[in-house]
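Here is a short briefing for someone meeting this structure for the first time. Please keep the sequence and the 3D view side by side while reading.

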Amino acid sequence: MDFHAALGWGLPVGIGLAAIGSGIGLGGIGNGAMQAIGRQPEASGKIQTAMIIGAGLIEALTIYAFVTVFLLMGKIQ
């Protein structure tokens, strides 16, 4: 298997794994935030702020993987 074939196979697998990992992370954040809000409803503003910041960081990693895929697709020829 040469470099181009490995790259053509690895890029979709990599972006798929990044998307799956992001989904799992976002699910964990949502679950934790909902449980925390259920325990302390008066702290919902702080919890939601922390949840949104964490979700943004998780999504940023997936976007970096997506951009990397587009940059490396030019190498497949």
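The structure is a predicted model. In it, the axes of helix α1, residues 3-39, and helix α2, residues 44-73, come within 10 Å and cross at roughly 180 degrees. Because angles over 145 degrees count as roughly antiparallel, α1 and α2 are described as roughly antiparallel to each other. The residues of the contact of α1 with α2 divide into 19 nonpolar, seven polar and one charged.

**How the pair is described**

- Two packed helices are described by the angle between their axes and by the distance between those axes.
- For α1 and α2, the angle is roughly 180 degrees and the axes come within 10 Å.

**Helix α1**

- Helix α1 has 37 residues, and the distance from its first C-alpha to its last is 53 Å, which is close to the 54 Å expected at 1.5 Å a residue.
- At G10 the helix α1 bends by about 25 degrees, and a proline, P12, follows within four residues of that point.
- The residues L7, L11, S22, A33 and I37 are buried in α1, and the buried residues of this helix pack against α2.

**Helix α2**

- Helix α2 has 30 residues, which should span 44 Å at 1.5 Å a residue, and the 43 Å between its end C-alpha atoms agrees with that expectation.
- Its buried residues are I47, G54, T62 and V69, and the buried residues of α2 pack against α1.

**Two buried residues that touch across the pair**

- S22 has its place in helix α1, and because its relative accessible area is 5%, which is under the 20% cut-off, S22 counts as buried.
- Leaving aside neighbours within four places in sequence, S22 is in contact with I58, E59 and T62.
- T62 is found in helix α2, and with a relative accessibility of 15%, again under 20%, T62 is therefore also counted as buried.
- Not counting residues up to four places away in sequence, T62 touches I15, A18, A19 and S22.
- T62 and I15 are 47 residues apart along the chain, while their C-alpha atoms are separated by 7.7 Å.

- Q48 is found in helix α2, and its relative accessible area of 38% lies between the cut-offs of 20% and 50%, so Q48 is partly exposed.
- The C-alpha atoms of Q48 and A36 are separated by 9.8 Å, although these two residues are 12 residues apart along the chain.
- L72 lies in helix α2 and is partly exposed, with a relative accessible area of 30%.
- Not counting residues up to four places away in sequence, L72 touches L7 and L11, both of which are among the buried residues of α1.
- L72 and E59 are 13 residues apart in sequence, and their C-alpha atoms are 20 Å apart in space.
- M73 is found in helix α2, and with a relative accessible area of 40% M73 is partly exposed.
- M73 and H4 are 69 residues apart along the chain, and the separation of their C-alpha atoms is 9.6 Å.

**A question to check your reading**

- Which residues does S22 contact, once its neighbours within four places in sequence are left aside? They are I58, E59 and T62, and T62 is one of the buried residues of α2.

Notes:
Residues numbered from 1 in each chain as written. Predicted model: local features only at pLDDT ≥ 70, side-chain atom pairs only at ≥ 80, totals over all residues. Heavy atoms only, no water. Axes fitted to C-alpha atoms, helices over the stretch in contact; angles between N-to-C directions. Parallel < 35°, antiparallel > 145°, perpendicular 65-115°, else oblique. Nonpolar A, V, L, I, M, F, W, Y, C, P; charged D, E, K, R; others polar. Buried < 20%, exposed > 50% of the residue type's maximum accessible area, 1.4 Å probe, protein only. Contact = heavy atoms within 4.5 Å. Expected span 1.5 Å × (residues − 1). Bend = angle between axes of the 7 residues up to and from the residue.
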